[in-house]
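Let's take a walk through this structure together, strand by strand and helix by helix. Keep the picture open beside you and follow along.

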Amino acid sequence: MHSQESSASQGVMVLRRSEVLKVLSMKDEIATVEEAFREKGMNAVQMPPKQYLFLEGGDLRAMPAYLPRLGIAGVKVVNVHPGNRERGLPSVMAVIELVDPYTGRPLAIVDGTEITAYRTGAASAVATKYLSRDDSSKLCIVGAGAQSRRQLEAIVEVRDIRKVFAYDVVRAAAEGLVRYAESMGRNLSAEVADATRECVESADVLVTATPAKAPVILNDWVKPGTHINAIGADAPGKEELDPAILLRSKIVVDDYEQTIHSGEINVPISKGILRKDQIYGELGEIVAGKKPGRTSRDEVTVFDSTGVGILDVATAFSVMRAAGARGLGLTVSELGL
């Protein structure tokens, strides 16, 4: 369905965070994200690299994207302020504007904070589906901030996870993630790891979700056959993994240009430790069937996730349609803005 058909009126839909949460479904968003990656793999998207403003306590990013075959276009503006936990604010907050690609008319202004969290979890789920071993049952999450819950929710949708290990430098955060895992009703066994190494060595699937600027995961800890979703490094200078891990791994990225400049691989590439030709491919290429995913039980796979705008606008579009079907949100005229 083309985007101009999705709004019955000529007004602009405004969706607040509470309304977005009423229609977000991790299972549905995984399907949406997988479709968006497939479009990218087929070279059927426009998505300039994200633009950064480096602010006093963090950064602000603009992420435009267009999926022509799906009739979806828009832009996300998002901040990342790691110190916001102490301020009682989310470290990531976002707003997404959707536009009609045929007229440029604004369709919706959507709170993107939860969409960002869901699509990031969904991206890891898609990567885990294609890159982890089918029998993966142990999940380790290093970094138990707000995103960790969405990672957990997403990955259990694609793998039969039975055991969850959580580690965070703030033990109370890891304890909160463990309680959340136990409350999900999936018969999960969960525990707080006393050290990062203990958590990592147990993992079939590892998620790193920290703001680290130096490696927190060492090569010796990662067993053969592990799949790693590296999501913390999303700006220049950030780095979570020992470069030796990357040198022994099949590296899959969400976007070549973004990851080279701001993903997990940005520091090793800038230092000459890793070459661009050592990147195996983009996740979209695997989803589209252009390249195989995991090809052996013992290979280590790494998904370098920086966050791409196509996922935000595709997810926001699905949220807009679901909210409209339920009569949620406020509709205002363009002049009323």
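Strand β10 (residues 205-208) runs parallel to β12, and four bridges join the two. To find the pairing yourself, look for Val205, whose bridge partner in β12 is His227. Bear in mind as you look that this is a predicted model.

Now turn to the other neighbour in the list, β16 (residues 300-304), which pairs with β12 in the parallel sense over four bridges. Here Ile228 stands opposite Val302 in β16. What covers the picture of strand β12 (residues 227-230) is that both of its faces are covered. His227 and Asn229 lie on one side, Ile228 and Ala230 lie on the other, and all of them are buried.

Let's step back to the whole sheet. It is an open sheet of eight strands with parallel pairing, in the order β9-β8-β7-β10-β12-β16-β14-β15. Which strands stand at the edges? They are β9 and β15 (279-282), and each has a single partner strand, so one side of each is left without a neighbour in the sheet. From one strand to the next, the twist averages 20°. Strand β14 (residues 249-253) pairs with β16 in the parallel sense over five bridges, and the bridge partner of Ser249 in β16 is Val300.

Helices pack on this sheet too. Helix α4 (residues 113-131) touches β10, β12, β14 and β16, and its direction makes about 160° with that of β12. Helix α6 packs on the sheet as well, touching β7, β8 and β9, with a direction that makes about 175° with that of β9.

Stay with α6 (residues 171-182) for a moment. At 1.5 Å a residue, its twelve residues should span 16 Å, and its end C-alpha atoms are 17 Å apart, which agrees. Which residues of α6 are buried? They are Ala173, Ala174, Gly176, Leu177, Val178 and Ala181. These buried residues pack against α3 (84-87), β7 (138-142), α5 (146-158), β8 (163-167) and β9 (189-192).

Next, visit some antiparallel strands. Strand β4 (residues 72-80) has seven of its nine residues buried, so it is largely enclosed by the rest of the structure. Strand β3 (residues 59-67) pairs with β4 in the antiparallel sense over nine bridges, and the bridge partner of Tyr66 in β4 is Ala73. The hairpin of β3 and β4 has four residues between the strands, and in this hairpin Gly71 takes a positive phi near 65°. Strand β5 (residues 92-99) also pairs with β4 in the antiparallel sense, over eight bridges, and Gly74 stands opposite Leu98 in β5.

Tyr52 and Phe54 form a stacked aromatic pair, 5.6 Å centre to centre with 5° between the planes. Phe54 is exposed, with a relative accessible area of 59%. Over the face of Tyr280 lies Lys250, at 4.4 Å from the ring centre, and Lys291 lies over the face of Tyr280 at 5.5 Å.

Finally, find Ala214 in strand β11 (residues 213-217). Ala214 is partly exposed, with a relative accessible area of 42%. Although Ala214 and Glu239 are 25 residues apart along the chain, their C-alpha atoms are separated by 5.2 Å.

Key. Residues numbered from 1 in each chain as written. Predicted model: local features only at pLDDT ≥ 70, side-chain atom pairs only at ≥ 80, totals over all residues. Heavy atoms only, no water. Phe/Tyr/Trp six-rings, centres within 6.5 Å; stacked < 30°, edge-to-face > 60°. Buried < 20%, exposed > 50% of the residue type's maximum accessible area, 1.4 Å probe, protein only. Lys NZ or Arg CZ within 6 Å of the ring centre and 35° of its normal. Pairing = 2+ DSSP bridges. Expected span 1.5 Å × (residues − 1). Contact = heavy atoms within 4.5 Å. Axes fitted to C-alpha atoms, helices over the stretch in contact; angles between N-to-C directions.
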